[in-house]
Amino acid sequence: MVIEQKDSSMTLKDLFVVIKDNFTFILGVMVLGFVLSASYSLIVTPIYASTALISPNTSENSSKGLASALSDFSGLIDISSMSSGGVSRSEVAYQKLMSKEFFRVLYENEQFIKDFFAVRNFDVDSKEVTYYENWEDSKPHFQKAYEDFHRINFNVAFNRKTGLVNLILKNKSSQLAAKWLKEIIQQVNNYVKEEEKLEAESSLKFLQERLSETSVIEVQKVIAALIQQTLQKLMLAEVTDEYLFDVIDEPFVPDYRFSPKRTQLTMIGTISFGIFALVLSIFSSFRSPCSFKWFGRLMDPKLQTAISS
């Protein structure tokens with residue numbers, strides 16, 4: 001017995017026939033998608049983003065000065081042991097900015113947690129920020145707060161060729177986005193400055209003790225050069241605010257929302273609904289030859305007049 005198999009392939013002509021027969025249905029679904037996506041874009045809370053451009057302070061001059069001062073005494077002390085292992089100052093600065101240790105400084109600030117994890121709404125006209133009630137009870141754990149902040153709110157793009165770092169900070173409030181981006185840059189500068197200042201003070205104390213203990217002239221000269229370099233680092237920490245990063249482009253208060261992009265969201269929603277309706281029409285055409293023609297008949301003005309009468 002020979003079993004005939006029905007050809008289920010679809011040609012371009014068949015596709016146009018399906019679209020023609022179900023045009024009213026597809027159009028209706030696309031209109032529905034347009035209305036839903038447009039409504040969603042209007043009611044969803046807008047997100048604002050403040051940007052800044054910073055450059056790591058490499059302090060190359062002081063490093064070259066130290067290498068020059070110690071070049072004559074390389075036989076007495078292993079200068080290579082004092083190097084940073086090939087890691088650039090720019091890379092270290094970037095990793096400091098992204099580190100959990102630095103984020104803990106922000107995390108311990110209750111206002112930071114409130115402004116990024118408890119904002120309910122932001123009024124554009126009055127610039128007033130409203131917060132969720134009892135937000136202290138729902139404070140996220142440190143690891144979750146770190147991951148969510150860097151995934152949702154804070155974007156860092158580090159160009160290793162130029163050394164420039166582009167920062168984007170997103171918040172429901174345009175005012176808070178600009179305020180906290182300035183605060184983050186200032187905090188990371190102060191954090192690293194205090195860390196290296198304590199390290200330099202400890203090194204200076206150690207070198208001064210060793211200087212008083214040795215009577216070898218060559219060793220005294222080496223220690224004196226190290227003391228001079230350490231004092232230079234301490235002086236730099238005292239006189240400059242932009243210790244780790246130099247600010248090239250200051251953070252600003254954005255006037256326009258970062259997301260959602262209403263036009264793009266509406267177009268994507270309309271097209272997605274249209275594709276869904278087309279796929280549904282094609283699937284239905286294989287199962288039933290009538291497809292969704294009933295929808296077209298239902299939308300017929302003559303039928304609607306007859307029903308109303």
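**An aromatic cluster and the helix beside it**

Mentor: One aromatic cluster is formed by Phe103, Tyr107, Phe112, Phe116, Phe142, Tyr146, Phe149, Phe154 and Trp180. Please keep in mind that the model is predicted, that local features require pLDDT of at least 70 and side-chain atom pairs pLDDT 80 or more, while totals for chains, interfaces and linings use all residues. Residues are numbered from 1 along each chain as its sequence is written, and side-chain values use heavy atoms, with hydrogens and water left out.

The structure holds 15 aromatic pairs (rings of Phe, Tyr and Trp, the last by its six-membered ring, with centres within 6.5 Å; planes under 30 degrees apart are stacked, over 60 edge-to-face, and the rest tilted). One of them joins Phe103 and Phe142, which form a tilted pair because their planes meet at 50°, with the ring centres 5.7 Å apart. This pair links distant parts of the chain: Phe103 belongs to helix α5 and Phe142 to helix α7, 39 residues apart (helices are DSSP runs of H or I with at least four residues, strands runs of E with at least two, numbered from the N terminus). Phe103 counts as buried because its relative accessibility is 1% (buried is under 20% relative accessible area, exposed over 50%, and partly exposed in between, with a 1.4 Å probe and protein chains only). Phe142 also counts as buried, at 15% relative accessibility.

A further aromatic pair brings together Phe112 and Trp180; here the arrangement is edge-to-face, with 5.3 Å from centre to centre and 75° between the planes. It too links distant parts of the chain, since Phe112 is in helix α6 and Trp180 in helix α8, 68 residues apart. Phe112 is buried, its relative accessible area being 0%, and Trp180 is buried as well, with a value of 3%.

Let us now turn to helix α7, which holds Phe142. Helix α7 covers residues 142–153, 12 residues in total, and its first and last C-alpha atoms are 15 Å apart, close to the 16 Å expected at 1.5 Å a residue (the expected span is 1.5 Å times one less than the number of residues). Its buried residues are Phe142, Ala145, Tyr146, Asp148, Phe149, His150 and Asn153. Such a spacing can be read with one general point in mind: an α-helix has 3.6 residues a turn, so residues three or four places apart point the same way. Among the elements that cover the buried residues of α7 are helices α4 (89–98), α5 (100–107), α6 (110–117) and α8 (174–213), together with strands β4 (154–158) and β5 (165–171). Phe142, Tyr146 and Phe149, which are buried in α7, are also members of the aromatic cluster.

Finally, the setting of this part. The protein contains 12 helices and 6 strands. It has 309 residues, and 33% of them count as buried. Of its contacts with a separation of 6 or more, 78% are between residues 24 or more positions apart (a contact means heavy atoms within 4.5 Å). The two pairs described above, Phe103 with Phe142 and Phe112 with Trp180, each link distant parts of the chain.
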